[in-house]
Amino acid sequence: MADSQPSASSDKPGAASPAPAVTRAAAVLDALAASATGRLTLSDLSREVGIPKSSTSNLLLALEEARLISRQGAEFTLGRKLVELGAAYLGRMDEVQEFYRYCEQASVLSRETVRIAMLDGTNVIYLARYEGHPAVRLTSNIGDKMPVSLCAVGKALIARLRDHDLEEMFPDDAELPVLTPKSLRTGAELKAQLKEIREQGYAFEDEESTTGVVCLAVSVPTRGAHGPSLGLSVTALKATYTPEQGSQMVKELQELAHSLGNPMG
């Protein structure tokens with residue numbers, strides 16, 4: 001029977017969770033977020049979560065009532081309630097508020113596109129984006145994820161990790177995601193670049209994620225043992241970028257990073 005209960009498996013969402021329904025609900029939201037179109041059917045989601053359609057249907061009904069998803073015909077999408085929750089989360093992060101305040105008054109960064117991001121495994125998640133003039137709009141938006149190897153801020157963050165952790169995450173022969181001809185392709189290439197980042201104190205991305213765009217980034221000193229692992233980046237067009245401009249950008253990024261990591265000065 002197509003709707004029979006599948007056998008238990010530890011790799012299915014909720015299999016070993018103290019609250020399986022919550023874990024499966026989170027898996028539904030993750031699946032919708034990862035979908036190329038942002039839309040999935042009941043059948044799609046049943047396969048993603050690994051539970052029968054009847055159980056998935058009940059789960060979707062509960063999520064819809066909570067406004068966490070919305071139904072559009074036979075398909076489901078993420079709901080607007082998630083925007084409200086995300087805004088509430090970001091609004092309570094002092095670092096994000098200070099980020100905007102600093103960028104607005106900075107002599108150089110106030111004219112650029114600046115972002116703050118958080119490390120999430122082998123990705124970064126962008127938490128806030130300051131739009132300077134002119135803004136570089138060919139780059140990541142708030143909430144987007146990016147592999148660390150493709151972005152300056154990701155590399156600035158993992159440069160702080162211990163060598164044996166990096167070796168476990170990125171063996172020399174690891175194949176990295178590629179977006180442009182200049183993207184790093186192996187773990188060995190990434191680790192070689194991390195050595196340079198540690199020496200110079202900042203990361204530089206040269207058209208590795210977007211052709212025609214360069215990026216500089218620094219990490220924020222961790223606030224407390226369990227503080228978030230945050231980084232700052234500024235984006236510029238390769239055609240107009242100069243080393244002198246880069247030096248000024250890095251100086252202000254480092255000032256902002258110090259402010260965020262050491263709020264008492």
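**Exercise 1.** Is Lys-238 buried, partly exposed or exposed? Determine also how Lys-238 is joined to Glu-207.

*Solution.* The structure is a predicted model.

Step 1. Lys-238 has a relative accessibility of 31%. Buried means under 20% and exposed means over 50%, so Lys-238 counts as partly exposed.

Step 2. A salt bridge joins the side chains of Glu-207 and Lys-238, at 3.3 Å from N to O. Glu-207 belongs to the loop between β7 and β8, while Lys-238 belongs to the loop between β9 (230-237) and α9 (243-261); the pair therefore ties together parts that are 31 residues apart in sequence.

Step 3. Glu-207 has a relative accessible area of 13% and is therefore buried.

**Exercise 2.** Which parts of the chain does the salt bridge between Lys-155 and Glu-208 tie together?

*Solution.* Step 1. In this salt bridge the side chains meet at 2.5 Å, N to O.

Step 1. Lys-155 is located in helix α6 (residues 152-158), and Glu-208 in the loop between β7 (203-206) and β8 (213-219); the pair thus connects parts that are 53 residues apart in sequence.

Step 2. Both Lys-155 and Glu-208 are buried.

**Exercise 3.** How many salt bridges does a search of the whole structure find? Describe the one between Arg-129 and Glu-131.

*Solution.* Step 1. The search finds 14 salt bridges.

Step 1. In the salt bridge of Arg-129 with Glu-131, the closest N and O atoms are 2.8 Å apart.

Step 2. Arg-129 is buried, because its relative accessibility is 8%. Glu-131, at a relative accessible area of 30%, is partly exposed.

Step 3. Pairs of this kind rest on a general principle: side chains of opposite charge can pair when their charged atoms come close.

**Exercise 4.** What is the order of the strands in the open sheet of three strands, and where does helix α1 lie?

*Solution.* Step 1. The order is β1-β3-β2, and the pairing is antiparallel. The edge strands, each pairing on one side only, are β1 (40-41) and β2 (69-72).

Step 1. In general, strands of a sheet pair through backbone hydrogen bonds, either parallel or antiparallel. Here β2 and β3 (residues 75-78) run antiparallel and are joined by four bridges. Arg-71 stands opposite Phe-76 in β3.

Step 2. Helix α1 (residues 20-34) lies across β1, β2 and β3, and runs at about 90 degrees to β3.

Definitions and conventions:
Residues numbered from 1 in each chain as written. Predicted model: local features only at pLDDT ≥ 70, side-chain atom pairs only at ≥ 80, totals over all residues. Heavy atoms only, no water. Pairing = 2+ DSSP bridges. Helix = DSSP H or I, 4+ residues; strand = E, 2+ residues; numbered from the N terminus. Contact = heavy atoms within 4.5 Å. Axes fitted to C-alpha atoms, helices over the stretch in contact; angles between N-to-C directions. Salt bridge = Lys/Arg side-chain N within 4 Å of Asp/Glu carboxyl O. Buried < 20%, exposed > 50% of the residue type's maximum accessible area, 1.4 Å probe, protein only.
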